[in-house]
Every structure is written in structure tokens, then in C-alpha cells.
Amino acid sequence: MSSRPTIRVFVVEDDDRMRAAFEAMVRDSAGFTLLGSAATLADARAALMAAAPDVAIVDLGLPDGDGAELIAMLRERAPGTLVLVSTVFGDEAHVIRAIQAGARGYLLKDTTADELVRSIAAVHEGGSPLSPQVARHLLKRLAPAARASQATAASAPDVDALTAREIDILTRISQGYTVAETAELLAISYHTVTTHIKNIYSKLAVHNRVEAVNTARRKGLIL
């Protein structure tokens with residue numbers, strides 16, 4: 001029987017109280033393991049390369065540099081570590097820079113503990129959680145490109161065909177099975193299922209399960 005492994009988390013936050021709150025949240029959440037934390041860019045660089053967490057919660061306003069530098073470094077040197085930004089900076093410049101650097105999610109610090117826990121799990125499973133204010137910035141930024149792409153969408157080649165295994169997994173997800181249950185049904189590991197889900201999201205250009213299922217049904221990939 002496949003069992004759900006713990007999600008290994010590392011916290012990069014310079015505010016002592018906030019860092020302690022994040023650490024406690026991870027420790028108290030079922031399915032999470034706290035690998036460590038850092039308060040500066042320099043300490044985080046060394047610690048993250050040694051710890052190799054699944055998800056790193058990264059603040060952007062660090063005392064010795066921009067957290068976006070750390071995100072870019074992880075994308076290049078530790079692509080297995082996914083980054084969830086947690087910051088007070090909700091302006092478009094910070095949002096775009098962090099996303100371009102490789103952040104998979106972007107939350108403002110008014111996010112509740114429950115929402116943060118769900119967002120960590122979502123990032124680990126291939127999602128891209130965003131605070132509403134952040135989503136508005138991205139939609140505003142991408143709207144012109146989206147309108148332009150619609151004009152040529154009808155003649156664009158179909159590049160998002162799913163493999164047979166990905167269709168099997170998405171079918172189970174559409175039927176309400178969890179990742180762990182899907183892994184057990186298909187006799188594969190939990191990690192293999194999450195990897196396939198990430199690939200599905202990328203191919204279908206979606207950010208969560210509901211969008212993936214709806215898009216796949218619209219394209220006739222699943223029933």
C-alpha cells in the first residue's frame with residue numbers, strides 16, 4: 001500500500017516572530033517535516049543546498065539581499081526545491097520578479113495559517129497558489145498577451161497531448177481520488193503521481209486540479 005510521505009519544508013524569514021510562527025505551523029501540521037530555517041540570504045544559500053527540502057517558504061525582503069536571488073539560485077542549482085513566496089510586498093514589480101525568478105506560489109503575509117498550509121501542499125503537488133491581490137497583478141500584466149494569443153489559437157498546433165499514464169491519473173483525480181489513493185490504485189509511488197500531476201498542469205497550462213479536469217474534458221482527453 002502506498003503511503004503519503006511527509007513534505008519537507010525550509011523557512012527563510014528574517015522576522016524572528018514570523019519565522020517562529022512558520023516553524024511552529026510546519027511542526028504542528030500533519031504530513032510536514034521542518035528541515036530548518038534561516039534569517040539571511042547568506043545563511044539560506046548554504047542551508048538550502050545541504051537540506052534539499054521539497055518546499056521552501058521564502059521572504060523577499062531579507063537583510064542582506066533580495067529573496068528573488070535565492071529563488072533564481074534554487075531554480076538553477078536545486079530544481080527539486082519548489083519555492084512559495086511569503087512577503088509583505090504585493091506590488092507588481094516584486095510579484096513579477098519573483099515569478100520570473102522561479103517562484104511557484106506567491107502569498108502575502110496576511111494569509112491565514114490554514115491557507116498557508118494548503119498552499120504548501122498545493123505547491124508540492126504542482127499547483128501555483130496566489131493571493132488575490134497578486135493574481136490581479138498577473139492578470140493585468142498578461143491580459144494583452146492573452147488577447148493576442150486568442151486570435152491565433154484556432155490555428156495553433158496541439159502540443160498538450162497527455163500520455164496514457166497521465167490520462168489514467170487525471171481520470172482518477174476527476175473521480176475524486178486523492179494522490180495517495182491514485183498511487184495505490186495504479187500501483188505506483190506517491191512521488192510518481194505528483195510528478196505526473198505537475199506535468200499535466202504544465203501541458204494543460206493550468207494551476208490546480210479543477211482547472212486540469214475541466215480543461216481535459218473540454219479537449220476530450222477524459223470523460
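**Exercise 1. Describe how helix 7 packs against helix 8, starting from the handedness of their crossing.**

Solution. The crossing of helix 7 and helix 8 is right-handed; a crossing is called right-handed if the near helix is turned clockwise from the far one by less than a right angle, and left-handed if anticlockwise. This is a predicted model, in which local features need pLDDT of at least 70, side-chain atom pairs count only at pLDDT 80 or more, and totals for chains, interfaces and linings use all residues. Residues are numbered from 1 along each chain as its sequence is written, and side-chain values use heavy atoms, with hydrogens and water left out.

Step 1: locate the elements. Helices here are DSSP runs (H or I, at least four residues), numbered from the N terminus.

Step 2: read the geometry. Axes are lines fitted to C-alpha atoms over the stretch in contact, and angles run from 0 to 180 degrees between N-to-C directions.

Step 3: list the contact. Helix 7 contributes R165, D168, I169, R172 and I173, and helix 8 contributes T182, L185 and L186, where contact means heavy atoms within 4.5 Å. By class, the contact of helix 7 with helix 8 has four nonpolar, one polar and three charged residues (Ala, Val, Leu, Ile, Met, Phe, Trp, Tyr, Cys and Pro count as nonpolar, Asp, Glu, Lys and Arg as charged, the others, Gly among them, as polar).

**Exercise 2. Work out how helix 10 packs against helix 9 and against helix 7.**

Solution. Step 1: take helix 9 (residues 190–204) and helix 10 (residues 209–218), whose axes come within 10 Å and cross at roughly 60°. That angle makes helix 9 oblique to helix 10. The crossing is left-handed.

Step 1: find the residues that meet. From helix 9 come I200, Y201 and L204, and from helix 10 come R209, A212, T215 and A216. The contact of helix 9 with helix 10 divides into five nonpolar residues, one polar and one charged.

Step 2: turn to helix 7 and helix 10, which pack at an angle of about 115° with their axes 10 Å apart. That makes helix 7 roughly perpendicular to helix 10. Their crossing is left-handed. The contact joins L170, I173 and S174 of helix 7 to R209, A212, V213, A216 and R217 of helix 10.

**Exercise 3. Which residues line the largest cavity, and which helices supply them?**

Solution. Step 1: the lining consists of I169, L170, I173, I197, I200, Y201, R209 and A212. On a 1 Å grid over the protein atoms alone, a cavity is a set of points where a 1.4 Å probe fits but cannot get out, and lining residues have an atom within 4 Å of a point.

Step 1: helix 7, helix 9 and helix 10 each supply at least two residues of this lining.

Step 2: the largest cavity holds about 40 Å³ of space, and its lining divides into seven nonpolar residues, no polar and one charged.

Definitions and conventions
Parallel < 35°, antiparallel > 145°, perpendicular 65-115°, else oblique. 1 Å grid on protein atoms, 1.4 Å probe; cavity = no way out; pocket = protein on both sides within 12 Å on 5 of 7 lines; lining within 4 Å. Points joined across faces, edges and corners; volume = space filled by probe spheres on them.
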